[in-house]
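Biologist: I would like to learn how to read a sheet and a helix. Could you walk me through a case?

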Amino acid sequence: QPHSDQLIPTYEAGAFYGPVPPGAPPPPLLVLDLEKTLIGSVHDAKYGWRHVKRPGIQKFIDRLSQYYEIVIFSENEKNMDILEAIDPERKCHKLGAESAEAKGGVMLKRLDYMNRDLSRIVLIDDSESTSSLFPRNTLLIKPFTDINDKTDNALVELLPLLQALVHDGVKDFRDCFDDLGTHEASEAALEYKMRVS
């Protein structure tokens, strides 16, 4: 089981959040898987492990941190060097394997332990199995496995949809994804774009 039933702090005035008006609701929560979602990794005999940021990741985090509270979730022990490289300005919470539920060799993400309203949580993940407890909250993104692919735009193409959820005051993100008719990230982004057009 996760090490705590409140994986991120309660949203209130304090050291982490700074001044918060009394009774102010927290922003919606965006949970980002690390491995194969935000970074690609490759191992060879000459260089060992190399980790490469997915194209568009800095724009994605910079833009969406204005709308969401963001969690970066690693299924391994927290590698702070990688997490610092992705989020040098420390805009995101960072969680590691100790925050997941291990079951049958799968590290399950427990959104119900995030200390936030489930109706306003989005999980971006490349794995159907690790996100399987909360399929209605999940947008499944294509795994980033080719670290030399500079044309990958899977993160950037999600920006309009994820911003619209907040701009349009969507009460329950899960209902919105159901209405789009897909939980595949690229298909959901395209469906939203077509409807706007």
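Modeller: Strand β8 (residues 121-125) pairs with β9 in the parallel sense, over three bridges. Leucine 123 stands opposite threonine 138 in β9. Keep in mind that this is a predicted model.

Biologist: What is the order of the strands in the open sheet?

Modeller: First the general idea. Strands of a sheet pair through backbone hydrogen bonds, either parallel or antiparallel. Here five strands form an open sheet with parallel pairing, in the order β5-β4-β1-β8-β9. The edge strands, β5 (92-95) and β9, each pair on one side only. Neighbouring strands are turned by 20° against each other on average, direction ignored.

Biologist: Which strands does helix α1 lie across?

Modeller: Helix α1 (residues 57-64) lies across β1 (29-33), β4 (69-73) and β5. It runs at about 160° to β1.

Biologist: Which residues of α5 are buried?

Modeller: An α-helix has 3.6 residues a turn, so residues three or four places apart point the same way. In α5, Ala185, Ala188 and Ala189 are the buried residues. They cover an arc of only 100° around the axis, so they sit on the same side of α5. The buried residues of α5 pack against β9 (138-140), α3 (159-167) and α4 (173-180).

Biologist: How far does α5 reach from its first C-alpha to its last?

Modeller: Helix α5 (residues 185-196) has twelve residues and reaches 17 Å. That is close to the 16 Å expected at 1.5 Å a residue.

Biologist: Is alanine 102 buried or exposed?

Modeller: Exposed means over 50% relative accessible area. Alanine 102 has 58%, so it is exposed. This residue lies in strand β6 (residues 101-103).

Terms used. Residues are numbered from 1 along each chain as its sequence is written. This is a predicted model: local features need pLDDT of at least 70, side-chain atom pairs count only at pLDDT 80 or more; totals for chains, interfaces and linings use all residues. Side-chain values use heavy atoms; hydrogens and water are left out. Helices (H or I, at least four residues) and strands (E, at least two) are DSSP runs, numbered from the N terminus. Buried means under 20% relative accessible area, exposed over 50%, partly exposed in between (1.4 Å probe, protein chains only). The expected span of a helix is 1.5 Å times one less than its number of residues. The arc is that of the directions from the helix axis to the C-beta atoms. Contact means heavy atoms within 4.5 Å. Two strands pair if DSSP finds at least two bridges between them. Axes are lines fitted to C-alpha atoms, for helices over the stretch in contact, and angles run from 0 to 180 degrees between N-to-C directions.
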